[in-house]
Amino acid sequence: MHHWRRDLVELAALFTAVAVADAVANLIGHSPDGPALLLISALALASTAGFHTWWARRHVHAPPTADTGDTGARPSAPAHPAGPSAQAEPGTLWRMRTTVRDEPGSLAALCTALATHRVDILSLQTHPLADGTVDEFLLRAPGALAAAELTRVIAESGGSSTWIERADAHDLVDAPTRVLSLATRTALDAAELPLALRQLLGRCTIRSLPAGTGGEPVPAEGVLEETVLRLRAPGGGVLSVERPYLPFTPTEFARARALVELDSRLGPRIPRSRDVLTLPEGNAITVRRVDTGDLDAARAMHERCSDRTLDLRYHGPVRDADRYLNHLLSPRFGRTLAAQTASGRLVGLGHLLWDGEETEVALLIEDDWQRRGIGTELLERLVRMAVDAGCASVYAVTRSANTGMVAAMRGLGLPLDYQVEEGTLVITARLAPAGSGAARVSDGQLRL
């Protein structure tokens with residue numbers, strides 16, 4: 001019904017337009033100036049149509065103010081320069097913490113000051129305190145903006161106790177993702193707990209103090225003392241975390257406590273992967289992770305070692321060697337690799353031990369299996385584990401008479417530092433970053 005009515009209206013309008021055009025053409029065409037008037041009218045219509053088209057294209061992307069809900073004035077130019085020189089300027093990543101007053105507008109003042117200096121806020125975490133808030137930023141700043149200038153800008157906008165350091169691409173991972181990743185690593189391997197805490201809390205010194213070593217007992221909820229965290233260690237004793245350059249916040253304390261509690265609930269565990277290797281002489285050995293469950297096999301290996309071999313390894317009375325095994329094999333203090341024969345007998349042990357901010361490597365090879373490449377194989381794998389854990393160096397404590405250990409450290413092909421004190425030789429190897437190929441072991445073998 002509505003369609004034929006609309007068609008009739010459109011047809012009537014068309015006939016009317018044709019009639020009007022014919023009447024105007026006859027009226028103007030028979031006058032002396034008719035052609036000129038028709039030409040002028042055509043030019044005027046063409047100009048009007050062109051202007052309308054230009055105006056429509058220019059304003060087609062500007063919605064009415066009422067549609068956007070924005071009643072304020074729009075800026076006529078972008079806040080940051082958009083020229084080629086501005087886009088090409090390299091940026092610097094910074095991690096920054098500052099304390100602000102817990103009142104409305106404090107954070108806004110900081111953000112405004114950073115935006116004025118063309119600093120981009122990539123992420124923000126807040127750590128509430130009793131009398132304020134610690135804001136932790138990941139920033140990308142212009143390359144020409146120095147840390148001192150950035151700190152001054154923050155201080156002028158209300159920030160105090162500001163701490164800043166260079167960041168890298170690894171810091172671009174958001175906090176929840178990073179915490180979940182650390183929890184997963186800890187769940188798979190108890191030896192990951194110190195490394196996970198260090199990645200969670202930044203540069204810090206972590207020490208495991210056995211039970212009964214003195215000091216006040218730590219309550220179940222732990223203790224937060226400015227730059228020191230003390231928690232009950234999963235295997236007993238106390239786990240001490242120190243960060244003198246930056247006080248811990250209650251939020252960080254809660255995160256660390258949750259990670260330690262997860263480790264404690266899961267109990268001792270290590271990856272059970274194995275790697276079968278063929279020695280140059282043709283014998284096949286298996287390299288695998290071991291823990292305190294292999295204590296009896298490790299003691300049996302001790303009994304087969306000569307007094308000289310044990311003395312070079314432990315630098316003390318041979319009768320005390322067995323006392324160290326329970327500590328050395330515990331995943332709470334590091335990682336241990338073992339070389340095992342086809343019959344299941346352990347013939348070599350390699351230890352990677354977390355020692356505060358430093359990392360120690362140690363080897364013990366049964367006499368009959370020395371000088372067959374087992375020690376070199378274990379050491380290379382331990383070094384790759386240290387690289388994967390982000391360690392900057394590893395050190396070995398031995399004696400100059402232990403030519404096998406000295407040769408194994410030299411065989412790494414890494415820069416070495418030597419220090420001799422009262423017959424004890426400390427060899428420190430500076431590690432290359434992950435992926436540089438400093439040690440000959442594939443990435444798939446890192447978690448042995």
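Trainee: Within what distance do the axes of helix 7 and helix 8 come, and at roughly what angle do they cross?

Mentor: In this predicted model, the axes of helix 7 (residues 175-188) and helix 8 come within 9 Å and cross at roughly 170 degrees.

Trainee: What makes helix 7 roughly antiparallel to helix 8?

Mentor: The cut-off for roughly antiparallel is an angle over 145 degrees. The crossing of helix 7 and helix 8 is at roughly 170 degrees, so the two are called roughly antiparallel.

Trainee: And which residues in helix 7 meet helix 8?

Mentor: On the helix 7 side they are Arg 178, Val 179, Leu 182, Arg 185 and Thr 186. They meet Leu 193, Leu 195, Ala 196, Gln 199 and Leu 200 in helix 8.

Trainee: Let's stay with helix 8. Why are helix 8 and helix 9 called roughly antiparallel to each other?

Mentor: The axes of helix 8 (residues 193-201) and helix 9 cross at roughly 165 degrees and come within 11 Å. That angle is over 145, so the pair is roughly antiparallel. Helix 8 passes helix 9 in a right-handed crossing. Helix 8 contributes Leu 193, Ala 196, Leu 197, Leu 200 and Leu 201 to the contact, and helix 9 contributes Glu 252, Arg 255, Ala 256, Leu 259, Val 260 and Asp 263.

Trainee: Where is Glu 226, and why is it called exposed?

Mentor: Glu 226 sits in the loop between strand 6 and strand 7. Its relative accessible area is 57%, and exposed means over 50%, so the term applies. Glu 226 also has a positive phi, about 55 degrees, although it is not a glycine.

Trainee: Which other residue has a positive phi without being glycine?

Mentor: Arg 118 is one, with phi near 60 degrees. Arg 118 lies in the loop between helix 5 and strand 2.

Trainee: Why is Arg 118 called partly exposed?

Mentor: Its relative accessible area is 32%. The label covers values between 20% and 50%, so Arg 118 is partly exposed.

Trainee: How do you know that strand 2 pairs with strand 3?

Mentor: At least two bridges are needed, and eight join strand 2 (residues 120-128) to strand 3 (residues 133-142), running antiparallel.

Trainee: In what order do the strands of their open sheet come?

Mentor: The order is 2-3-1-4, with antiparallel pairing. Strand 2 and strand 4 (160-166) are the edge strands, each pairing on one side only. Neighbouring strands are turned by 20 degrees against each other on average, direction ignored. Helix 5 (residues 106-116) packs on this sheet and touches strand 1, strand 2 and strand 3, its direction making about 10 degrees with that of strand 3. Helix 6 (residues 147-156) lies across strand 1, strand 3 and strand 4, at about 150 degrees to strand 4.

Trainee: One last residue. Why is Arg 289 called buried?

Mentor: Buried means under 20%, and Arg 289 has a relative accessible area of 2%, so it qualifies. Arg 289 is found in strand 10 (residues 284-290).

Trainee: What makes the pair of Arg 289 and Asp 189 side chains a polar contact?

Mentor: The distance cut-off is 3.5 Å, and these side chains come to 2.8 Å in a polar contact.

How values were computed
Residues are numbered from 1 along each chain as its sequence is written. This is a predicted model: local features need pLDDT of at least 70, side-chain atom pairs count only at pLDDT 80 or more; totals for chains, interfaces and linings use all residues. Side-chain values use heavy atoms; hydrogens and water are left out. Helices (H or I, at least four residues) and strands (E, at least two) are DSSP runs, numbered from the N terminus. Buried means under 20% relative accessible area, exposed over 50%, partly exposed in between (1.4 Å probe, protein chains only). A polar contact is a pair of N or O atoms within 3.5 Å; within protein, one must be able to donate a hydrogen and the other to accept it, and residues adjacent in sequence count only if both atoms are side-chain atoms. Axes are lines fitted to C-alpha atoms, for helices over the stretch in contact, and angles run from 0 to 180 degrees between N-to-C directions. Contact means heavy atoms within 4.5 Å. Angles under 35 degrees count as roughly parallel, over 145 as roughly antiparallel, 65 to 115 as roughly perpendicular and the rest as oblique. A crossing is left-handed if the near helix is turned anticlockwise from the far one by less than a right angle, and right-handed if clockwise.
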